[in-house]
Amino acid sequence: QALNGLEFTGSTTQTEDIPYSAELTTNQKLFYLEASWLARSGTLNKVVVTGNADDSSDDEYKFIVLTLNGTSAPTVSSTTNFPAGAANNGQSRVSCDPLDDNEGTIAYVDADDSDNSKVAHFTIDPADESVTFGTPVQFCSGRATNIKVAHDLQEAGRFMICFKDGADSDAYVTAGSTSGTTITLGTTAKISTTTDDGSNVQMAADPNNARKVCLMWIDNASPYYSNFRIATADTSRSLTLGTVATDDEDYYPSGDANCITWDKKTANKVHTIGFNRSSSHYVSLKGMTVDGTDLTLGTMETLESVAGGEGCSISSDYFIANAGMALRQRGSGANNVEVYAWTVSGTDYTAGTNVNLSTTPSTSGNSIVASPYTAGLHLAAYQEHDGSQFEFAASSHLLGGTY
């Protein structure tokens, strides 16, 4: 059973509509979105979004600084190509450092350099939101996919990268740190345990323990079971891997969205979102508890009984225990983008009333992230398609209250 009897102690609005902002839409074509809340002393409403422009007129990666405006639509404060001259050929991922103001890390595949996969530090000037990038460092020779970056929530400047290596189709994790704008990478460890075993790689940082993440991936051979594993790094960036916990249900995450989150209020508790392959790809949740590097998996529970789900993301609230939001993009049974609240009581997840954000979605990734500063506040970033062009869109949502 999910979460092994841990009780829900917070409060959310489960049966009412989720308050949400007017939607920001732009004419920016942006695929494989990733969002991360920016740390800035005295400023609580800045979010960074990255993605791939990837069209005939502009094949650069985009780095967007958003400003949230309560129930009004978010606004774009700045848009930058990053790093200069890097043509995109894959996912771009961002993680802001929660302990260093205006700083973070980006990872991407550089099409102008033989598709080598790189990671770079960035700094944002609060005066004009301009972005400065440090010298990129290669973390994978060749084109990586399923790239994720997670900054440490306890030690400034620490982060990890997980990815699928295009050369051998296995899943890996690398520990890194920053000093100024310089990035230093440590060892790279293979997290998958069999050949060609590393699709849809996911990662989330432990909010209560430094240099510790929970990893998720799926087997590439039928029955495509999900696997979970804890990775820890020492101060020298050397990695230690825990025992693999293999799922026995036909449950798998989306490859281009953030499908795993550590509970921000309850220690040693992880939530994931994915699809039930045995039940028409219904969107489902699965929880687990963590004891050191050992994982105990819960039972998969249906969140939405709609066939053909694609592109799911999940977030955990920083202030409301055992609660968060989820974003589902497209499905053969419901061609739309929806955001919904979830809570867990004992061993059971419960979904709140959905908010329908779009009936013309793209399928190329989305991201939902929780505010570390405002209880209940989450930002959804996704892609719309109006029949002739794609549009990057964003909206903010609130659990259990009003602005």
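The legends below describe close-up views of a predicted model.

Local features were taken only where pLDDT is at least 70 and side-chain atom pairs only at pLDDT 80 or more, whereas totals for chains, interfaces and linings use all residues. Residues are numbered from 1 along each chain as its sequence is written, and side-chain values use heavy atoms, with hydrogens and water left out.

View A. The largest pocket holds about 730 Å³ of space (a pocket is an open set of points on a 1 Å grid over the protein atoms alone, with protein on both sides within 12 Å along at least five of seven lines, and lining residues have an atom within 4 Å of a point; grid points are joined across faces, edges and corners, and a volume is the space filled by probe spheres set on the points). Its lining comprises 36 residues, and Ser36, Leu153, Lys264, Tyr318 and Val369 lie nearest the centre. Among the elements that give two or more residues to this lining are strands S2 (31-37), S11 (144-151) and S31 (367-370) (strands are DSSP runs of E with at least two residues, numbered from the N terminus). By residue class, the pocket lining has 25 nonpolar, 8 polar and 3 charged members (Ala, Val, Leu, Ile, Met, Phe, Trp, Tyr, Cys and Pro count as nonpolar, Asp, Glu, Lys and Arg as charged, and the others, Gly among them, as polar).

**View B. The cavity.** A search of the whole structure finds 1 cavity of 30 Å³ or more (a cavity is a set of grid points where a 1.4 Å probe fits but cannot get out). The largest cavity has a volume of about 80 Å³, and of its 16 lining residues Asp152, Arg158, Phe159, Met160 and Arg211 are the closest to its centre. Strand S12 gives the most to this lining, with 3 residues, and the lining as a whole divides into 8 nonpolar, 2 polar and 6 charged residues.

**View C. The open sheet of four strands.** The 4 strands follow the order S11-S12-S13-S14 with antiparallel pairing (two strands pair if DSSP finds at least two bridges between them). S11 and S14 (182-190) are the edge strands, each pairing on one side only. S11 and S12 are joined over 6 bridges in the antiparallel sense, and the bridge partner of alanine 150 is methionine 160 in S12.

**View D. The hairpin of S23 and S24.** Strands S23 (residues 282-291) and S24 (residues 294-297) run antiparallel and are joined by 4 bridges, with methionine 288 having leucine 297 of S24 as its bridge partner. The hairpin has 2 residues between its strands, and glycine 292 in the turn has a positive phi of about 65°.
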